[in-house]
Amino acid sequence: MTSGTGRTTPIESAPRIEPVIGEDMLAEWRHVHNLIVPPAVMTPDEARDRLTRYRLTNAYLGDVLVGCSTVRPPRDGVATVIARVLPPYRGQGIGSALYEDGLTHARLHGARIVETCVLAANAEGLRFAEARGFVETDRYVLDGESDQWIDLRLTTRA
C-alpha cells in the first residue's frame, strides 16, 4: 500500500517473520542484506552457502518485504544475531521484532553470550544495538577493504 507521497505505508502493526525457504525468499533476504551492507554484497551462491550454515529470516508487513536477519549458531556458547531493516520501515518496531526473534532462537540453541556486527557507517544500526545493551568489543577493517566494522557484545544475559 502506498500513501499519497508514494512512500509505502505499513498494512499491519507487527511484522511477520519467516525463515528463509527456497530461492525466492533467499533472493529477498540477499536484496535486503546487499542494500544495508553494500561493502559485503553477496552473490546468490554466497547467500546459498549462508543458508546452509545460519538461520536466515525475512520480515514482512503484509506481503511487503521490510527486513531480514541472520543468526549464527552458538560456537563455544557465543551466537551472533544481526537484524536489518530497510530505511523506509525503520522506527516501527521491525528491528526489535527481528532482534527478539533471533535472540530467542539463539537462546534455544544454547547461546550464553550474544554478539552482533555493524558497519561503522551505519549509525542507526549502532544506536539500535547500543540501546539494547550491546557494547563495542572491536573495530576493524577487513584485509584489502576500507570499510570499518564494529563487533558488539550483549552485556546482559543472552
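Start by selecting I94, G95, L98, Y99, G102, L103 and A106 in helix α3: these residues are buried, meaning under 20% relative accessible area with a 1.4 Å probe and protein chains only, while exposed means over 50% and partly exposed lies in between. They cover an arc of only 160° around the axis, which puts them on the same side of α3; the arc is taken from the directions from the helix axis to the C-beta atoms. An α-helix has 3.6 residues a turn, so residues three or four places apart point the same way.

Before moving on, a word about the model. It is predicted, so local features need pLDDT of at least 70 and side-chain atom pairs count only at pLDDT 80 or more, whereas totals for chains, interfaces and linings use all residues. Numbering runs from 1 along each chain as its sequence is written, and side-chain values use heavy atoms, without hydrogens and water. Helices (H or I, at least four residues) and strands (E, at least two) are DSSP runs, numbered from the N terminus.

Now step just past α3 to G110, which takes a positive phi of about 95°.

Next, select W29. Along with Y89 and I94, W29 touches the most other members of the largest nonpolar core, which has 25 residues. A nonpolar core is a set of buried Ala, Val, Leu, Ile, Met, Phe, Trp, Tyr and Cys residues joined through side-chain atoms within 4.5 Å. Color α1 (22–36), β2 (55–61), β3 (64–75), α3 and β5, the elements that give two or more residues to this core. The largest share, five residues, comes from α1. Apart from this core lies another, of 15 residues, among them Y99, A129, F134 and I150.

A129 leads us to helix α4 (residues 123–131), where the buried residues are G125, L126 and A129. Seen down the axis of α4, these fall within an arc of 100°, so they line one face of the helix. What do they pack against? Show β5 (113–119), β6 (134–141) and β7 (148–154), and you have their partners, with contact meaning heavy atoms within 4.5 Å. Turn to the other side of α4 to find R127 and A131 exposed. Just after α4, G133 takes a positive phi of about 100°.

Last stop: the cysteines. C68 counts as buried because its relative accessibility is 0%.
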